[in-house]
Amino acid sequence: MSSLLISEARYEIKKSTENFFISVLGVQSAFDVVQHIILMDKALDQHIHPTYWKILTELYEGLSSNVKWMDGLSEPFKIKQGVRQGGILSTHLYKIFVQDLLVESEQNSLGYHLGDIYVGAPTCADDIAFISNNEYELQIMLNVIDRYAKEHHYKIHPTKTEIIDCSKHKSSYNWTMGGKVVKTTDCSEHLGIRRTDGKEHNFNIKKEYKQLEEQTQVWNLQNQPRLELRKAIIKARMMTGSYILQSDKHKFTHFIAEPLCQLCNTENEDIVHMVTSCPVLITVREKYYVELKREILDSIDPIKWNTFCCNMMEITRLILDCNNFKGTLSISSELITKIEEKGRNLLFQLHAKRIEVLDALNNK
């Protein structure tokens with residue numbers, strides 16, 4: 001949604017001769033510097049139910065850590081800042097932490113409006129941007145976030161913060177933050193999308209096309225029979241995570257479906273389990289995987305194989321997309337084509353056998 005707001009604002013500006021500025025802000029270690037006491041205060045202001053607020057405070061109360069160095073372990077020290085990396089609540093907690101900044105900007109009408117809709121601070125967690133059609137207003141917005149960051153004990157990188165001047169007639173204004181000049185550039189990135197002062201859709205299409213070219217060995221099927229296309233489709237689904245296994249059903253059904261592999265009932269069924277370890281598929285795996293491994297070992301140093309393909313996860317990555325190992329294993333283009341063909345065949349045969357066994361189980 002944040003990216004859409006910027007794109008829509010840019011489209012609206014093209015209809016007029018207004019100035020248009022995008023400021024992409026660089027927050028230093030955003031999730032690591034959230035002060036727990038400030039976070040709990042802000043959570044209380046959100047009128048969270050007292051029981052949930054108490055649970056939240058207990059999650060972050062009395063935390064400590066140690067530093068291990070060689071054989072020694074430091075004395076424990078208290079942790080009073082930072083939300084857990086990868087935690088389910090972490091992104092939401094950071095949003096609570098930064099929300100007052102966005103509310104302040106909106107209440108003071110700082111930033112761009114699409115009609116009567118405020119879109120001046122399109123933000124997703126720590127990816128903050130400001131958009132404005134007035135250079136002085138943008139300076140005020142930079143002053144506000146600089147003050148807010150100081151009050152909340154985190155830092156905005158003036159050197160990593162960038163401003164894109166998308167106006168037809170470029171401004172000569174020198175924006176500052178914290179006493180340092182903010183760099184004006186013709187290109188910057190926000191939420192994975194490159195924003196430029198020109199036709200950014202062309203830039204992003206070229207970027208995506210280049211990435212697609214690097215990753216589409218699976219579709220190199222010129223003059224191949226139709227069956228190879230079916231194999232490629234199955235492999236592409238596995239590569240992109242859209243091939244639904246039991247562990248995926250477990251997540252999608254909010255933990256109602258069991259993640260256990262229905263074929264072997266020994267482990268949770270994810271892509272690594274299916275490709276490398278499910279005992280029910282061992283006959284298929286032995287036949288086709290041995291061919292693939294032999295093809296590779298005939299062309300590379302066995303030491304490299306033992307170094308970079310030493311566990312099931314890495315072997316799965318190799319079978320799904322051998323481009324991941326093009327540099328580390330020094331794989332030639334010719335060998336990549338052979339690995340791709342044999343990997344595609346292996347995955348299709350595993351898929352076919354899995355469907356066959358599941359159908360037999362369902363028909364009992």
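Predicted model: local features only at pLDDT ≥ 70, side-chain atom pairs only at ≥ 80, totals over all residues.

Biologist: How many aromatic pairs does the structure hold?
Modeller: A pair is called when the rings of Phe, Tyr or Trp (its six-membered ring) have their centres within 6.5 Å, and it is stacked with planes under 30 degrees apart, edge-to-face over 60, and tilted for the rest. By that rule, the number of aromatic pairs in the structure is seven.

Biologist: What is the angle between the planes of F20 and Y112?
Modeller: The rings of F20 and Y112 lie 5.7 Å apart, centre to centre, and they form an edge-to-face pair. The angle between their planes is 90°.

Biologist: How many residues apart are F20 and Y112?
Modeller: Helices (H or I, at least four residues) and strands (E, at least two) are DSSP runs numbered from the N terminus. F20 is in the loop between α1 and β1 (21–27), and Y112 is in the loop between α4 and β6 (113–114). The pair therefore links distant parts of the chain, and the separation along it is 92 residues.

Biologist: Why is the pair of F31 and Y94 called stacked?
Modeller: The ring centres of F31 and Y94 are 5.0 Å apart, and their planes meet at 10°, so the pair is stacked.
F31 sits in the loop between β1 and α2 (36–45), whereas Y94 belongs to helix α4, so this contact ties together parts that are 63 residues apart in sequence. F31 has a relative accessible area of 15% and is buried; with planes at 10°, the name for the pair is stacked.

Biologist: Which residues do ring pairs link into a cluster?
Modeller: Ring pairs also join several residues into one group. The members of this cluster are F21, Y136, Y173 and W175.

Biologist: Which residue lies over the face of Y60?
Modeller: A charge sits over a ring if NZ of Lys or CZ of Arg is within 6 Å of the ring centre and within 35 degrees of the ring normal. At 5.0 Å from the ring centre of Y60, the residue over its face is R84.

Biologist: What are the edge strands of the five-strand open sheet?
Modeller: Two strands pair if DSSP finds at least two bridges between them. The sheet is open, with mixed pairing, and its order is β8-β9-β1-β10-β13. The edge strands, each pairing on one side only, are β8 and β13 (183–185).

Biologist: Which residue takes a positive phi in the hairpin of β14 and β15?
Modeller: Strand β14 (residues 187–190) and strand β15 (residues 193–196) run antiparallel and are joined by four bridges, with E189 standing opposite R194 in β15. Two residues lie between the strands, and the one with a positive phi, near 55°, is L191.

Biologist: What is the phi of F255?
Modeller: Most residues other than glycine have a negative phi. S109, in the loop between α4 and β6, has a positive phi near 55° and is partly exposed at 40% relative accessibility. F255, in the loop between α8 (246–252) and α9 (271–277), is exposed at 59% relative accessibility, and its phi is positive too, about 70°.

Biologist: How far apart in space are M313 and T276, C-alpha to C-alpha?
Modeller: M313 lies in helix α12 (residues 312–320) and is partly exposed, with a relative accessible area of 47%. M313 and T276 are 37 residues apart in sequence, and their C-alpha to C-alpha distance is 8.5 Å.

Technical notes: Residues numbered from 1 in each chain as written. Heavy atoms only, no water. Buried < 20%, exposed > 50% of the residue type's maximum accessible area, 1.4 Å probe, protein only.
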